[in-house]
Amino acid sequence: MNQPRRAQASPSRSLFRTKSIEQTIADAAEPGRQLKRSLSAWDLMILGVAVAVGAGIFSVGARAAGSFAGPAVTVSFMLAALACALAIMCYAEFASTIPVAGSAYTYTYATLGEFLAWIIGWDLILELLTAGAVIAKYWGIYLATVFELFDVHIPTTISVLGLGMDWGPLFIVGVFTALLIMGTKMSARVNNVFTIIKVGIVVFVIVVGLTYFNADNLSPFVPPAVPTTGGSADVWAQPLFSWLTGAAPATYGVAGVLSGAALVFFAFIGFDVVATSAEEVKDPQRTLPLGIFGGLALVTLLYIGVAIALTGMVPYTMLAAVENPSLATAFIAVGAPWAAQVISVGILVGLTTVIMVLLMGLSRVLLAMSRDGLLPRWLSVTSETRRTPVRLQLITGAAVALLAGFTRVEILEEMINIGTLSAFVLVSIAVVVLRRTRPELKRGYRVPFSPVLPIVSALLCFYLMLNLTTLTWVRFAVWLAIGTAIYFAWGRRHARVGLAGSDGA
């Protein structure tokens, strides 16, 4: 009689024990831990645009053109968009099949097992926490720039207990933390207004930029590869792929276009955050795919338009000569310094909505993990009246604000990319697994040409990861080691799936 008991209990002890989709959906309806379904396809599309169109569209493209790809930065954007689109197809299938909070964490738990789910949840925390803090930091920097441009004399840095503090990040994070506590729908309305304004500014910048277009600046379209200089100290700054293969680090050429794609991928992060709102969407099987793909299409068009305008305005060599080039650099070079004011305001407005969506996404991932017992369960309690995770929203808001206000968190910018790409890889693989293990499930959207496209998505995203610097990979390994220690110290012993399996045994 004891043998059957051991056979039943073994899955609960496994690192790869899974949580059934039926139980995942049932847990989302647990009293006191529910979220309210209030978002439409339009709200989702605007969320995607809101989180993607930020500082990246004004600065990352210029850096990629000047330092890596030259005029072929448009190809870099297209490659990054392709990688994002393939991964987003996988997210859309999952989100329409398992419409609950948690995004890649939830999907991995249902397919690849608890340990990998924890790892990807830990990666998402890295992505969203770092991104929120970095963007809030830049919001404070651009607030100071706007004050200078409009001759407003208000200091943006103050002293607190002898420490320099940027009050701008604390202010903006505090405002959106309060809005998110009041309700997702109200936050979405504010987000919609800001997003429409910033899209209008981006279109204005593209149109004005094209009036200075000079086709000669696009030649050569793919500049010849140029070896980079430097000794062993450059090992940490070169792509991991170059270090592993022994290839000499170089800029421009085909390798430069690919490295540019890895860099501008930063401008596409956030669409996975849209999937974290699945539990708050009305009619998710239809709404989620429409909202996700609509947002990606609009963002891609805006990015390509900006890249064409930028590289047509000035030679890429001029951008390479500037330490931190941006669209403002190009406008000043062609004799239109007034555009710097428009761009600075556009960046400030753009960053505002990015912060809101990242704060929401971070709290939803933590909600899913705590609801499953991998983090303390008291974190997942939601407000009885507003159905929002008040405790988590306050904790995440405080963490993001403190990081942005008191640290140099911007040096961890590439950590955002590696956290996102690692999630994309696992979700792409998980789609193939779920098709085989649960073919009967009703899916509101199916990735075409499966398993080919999901496998291509996983390989492409992993290749982009290899094009990030070796220092980023070392930091990523340290983060994973910390997460693994927390899992074995707490999460594994308190996971509800394991406890249920043990009880059942």
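Let's start where helix α8 meets helix α17: on the α8 side we have Pro169, Leu170, Val173, Thr177, Leu180 and Ile181, and on the α17 side Val390, Gln393, Leu394, Gly397, Val400, Ala401, Ala404 and Gly405. When I say contact, I mean heavy atoms within 4.5 Å. Helices here are DSSP runs of H or I with at least four residues, strands are runs of E with at least two, and both are numbered from the N terminus.

Before going on, a word on what you are looking at: this is a predicted model, where local features need pLDDT of at least 70, side-chain atom pairs count only at pLDDT 80 or more, and totals for chains, interfaces and linings use all residues. Residues are numbered from 1 along each chain as its sequence is written, and side-chain values use heavy atoms, with hydrogens and water left out.

Back to our pair. Two packed helices are described by the angle between their axes and the distance between the axes. For α8 (residues 167–182) and α17 (residues 390–406), the axes come within 9 Å and cross at roughly 170 degrees. The axes are lines fitted to C-alpha atoms, for helices over the stretch in contact, and the angles run from 0 to 180 degrees between N-to-C directions. So α8 is roughly antiparallel to α17; that label is for angles over 145 degrees, while under 35 is roughly parallel, 65 to 115 roughly perpendicular and the rest oblique. By class, this contact has 10 nonpolar, four polar and no charged residues. Here Ala, Val, Leu, Ile, Met, Phe, Trp, Tyr, Cys and Pro count as nonpolar, Asp, Glu, Lys and Arg as charged, and the others, Gly among them, as polar.

Now let's move to α6. Helices α6 and α7 (residues 114–149) pack at an angle of about 170 degrees, with axes 8 Å apart, so α6 is roughly antiparallel to α7. From α6, the contact uses Ala104, Tyr105, Thr108 and Tyr109, and from α7 the residues include Trp118, Ile120 and Leu124. This contact divides into eight nonpolar residues, two polar and one charged.

How many residues of α6 are buried? Eight of its eight residues are, where buried means under 20% relative accessible area, exposed over 50% and partly exposed in between, using a 1.4 Å probe and protein chains only. Most residues other than glycine have a negative phi, and most peptide bonds are trans. Ser103, however, has a positive phi near 55 degrees, and just after α6, Gly113 takes a positive phi of about 110 degrees.

The structure holds two cavities of 30 Å³ or more. A cavity is a set of points, on a 1 Å grid over the protein atoms alone, where a 1.4 Å probe fits but cannot get out, and lining residues have an atom within 4 Å of a point. The second largest cavity has a volume of about 100 Å³, that is, the space filled by probe spheres set on the points, with grid points joined across faces, edges and corners. Its lining has 13 residues, and Lys19, Thr24, Val100, Thr106 and Asp372 lie nearest its centre. Which helix gives the most to that lining? α6 does, with four residues. By class, the lining has seven nonpolar, two polar and four charged residues.

Met356 is in helix α16 and counts as buried at 1% relative accessibility. Among its contacts, leaving aside neighbours within four places in sequence, are Leu47, Phe176 and Leu180. Ala188 sits in helix α9 (residues 184–210) and is buried, with a relative accessible area of 3%. Leaving out neighbours within four places again, Ala188 is in contact with Leu39 and Asp43. Asp43 belongs to helix α3 (residues 41–52) and is buried too, at 4% relative accessibility.

Let me finish with some backbone details. A cis peptide bond joins Ser219 and Pro220, with omega about -5 degrees, and another cis bond joins Ser450 and Pro451, with omega about 10 degrees. Finally, Arg387, in the loop between α16 and α17, has a positive phi of about 55 degrees although it is not a glycine, and at 31% relative accessibility Arg387 counts as partly exposed.

Methods: On a 1 Å grid over the protein atoms alone, a cavity is a set of points where a 1.4 Å probe fits but cannot get out, and a pocket is an open set with protein on both sides within 12 Å along at least five of seven lines; lining residues have an atom within 4 Å of a point.
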